[in-house]
Amino acid sequence: MQPVENPSRAGKRRFLLGSLVGGALVALAGTALVYAHAPRGMHGMHGGGMAFDEVSEHFRVHVEHVLKEVNATPEQQAQVRGILEAASSDVKALREQHGSAHAQLHEIFIAPSIDRARLETLRAEHVQALDAASKRCATALADAAEVLTPEQRAQLGEKMAKRKT
């Protein structure tokens, strides 16, 4: 009977990197989607939470910290910063384009009768806007990840895995 081999270290790193990228994408897209479409000042329960610009700043600080942890060069830091600022600006623009959705939804629900066709149109438009924001976030994440070397991404993945345990 032959012993079963453990997966190679490279295989583990690929799995870890895939998990890292997937998790980061979900977190980034989820945050962007919530803030892209929530009414201004209503990002948490009962009106709490941070405004879009506050979330962007918080995320920027976190990214700067992560880049320092993997010893990103000043050039890499500038590239990633530019990618994320552009993505943030694009998501904010999407939010502003679709900012009237909340008011439209309110109008539908206070009307004497519910306009199901209008509600469905609003829902479909909202899904399209969410998809656009999600795609933009995925593109930014991939672009930012490509700025880092494979070694830096692996180092980041290892650090994140340690924080999870």
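I took patches to be made of residues with over 30% relative accessible area and no salt bridge, like charges being joined within 9 Å and nonpolar side chains (Val, Leu, Ile, Met, Phe, Trp, Tyr) within 5 Å. Accessible areas come from the Shrake-Rupley method with a 1.4 Å probe, and for residues only the protein chains shown count as cover.

**Entry 1: basis.** I note that this is a predicted model, in which local features need pLDDT of at least 70 and side-chain atom pairs count only at pLDDT 80 or more, while totals for chains, interfaces and linings use all residues. Residues are numbered from 1 along each chain as its sequence is written, and side-chain values use heavy atoms, with hydrogens and water left out.

**Entry 2: nonpolar patch.** I looked up the nonpolar surface patch and found that L105, F109 and I114 make one of about 270 Å². L105 belongs to helix α4 (residues 101–110); helices (H or I, at least four residues) and strands (E, at least two) are DSSP runs, numbered from the N terminus. L105 is partly exposed, at a relative accessible area of 32%; I use buried for under 20% relative accessible area, exposed for over 50%, and partly exposed for values in between (1.4 Å probe, protein chains only).

**Entry 3: whole chain.** I recorded 6 helices and 0 strands for the protein chain. Of its 165 residues, 25% count as buried. The accessible surface comes to about 11,100 Å², and 60% of this belongs to carbon and sulfur atoms. I then turned to contacts (heavy atoms within 4.5 Å). Among those with a separation of 6 or more, 72% are between residues 24 or more positions apart.

**Entry 4: helix α5.** I checked the length of helix α5 (residues 116–147): at 1.5 Å a residue its 32 residues should span 46 Å, and the end C-alpha atoms are 47 Å apart, which agrees. The expected span is 1.5 Å times one less than the number of residues. The buried residues I listed in α5 include A133, C137, A140, L141 and A144. An α-helix has 3.6 residues a turn, so residues three or four places apart point the same way. At the start of α5, a side-chain oxygen of D115 comes within 3.3 Å of the backbone nitrogen of A117.

**Entry 5: salt bridges.** I counted 5 salt bridges in the structure, each a side-chain nitrogen of Lys or Arg within 4 Å of a carboxyl oxygen of Asp or Glu. One of them joins R81 and E64 (2.9 Å, N to O). This pair links R81 in helix α3 (residues 74–97) to E64 in helix α2 (residues 52–69), 17 residues apart. R81 is partly exposed at 30% relative accessibility, whereas E64 is buried at 13%.

R136 pairs with D90, with the closest N and O atoms 2.6 Å apart. Here helix α5 is linked to helix α3 across 46 residues. R118 pairs with E107 at 2.8 Å between the closest N and O atoms. That pair links helix α5 to helix α4, 11 residues apart. R118 is partly exposed at 33%, and E107 is partly exposed at 42%.

**Entry 6: Q152.** Is Q152 buried or exposed? I found Q152, in helix α6 (residues 150–164), to be buried, with a relative accessible area of 8%. Leaving aside neighbours within four places in sequence, Q152 is in contact with V70, N71, A72 and Q76.

Terms used: Polar contact = N/O pair within 3.5 Å; in protein donor to acceptor, adjacent residues only side chain to side chain.
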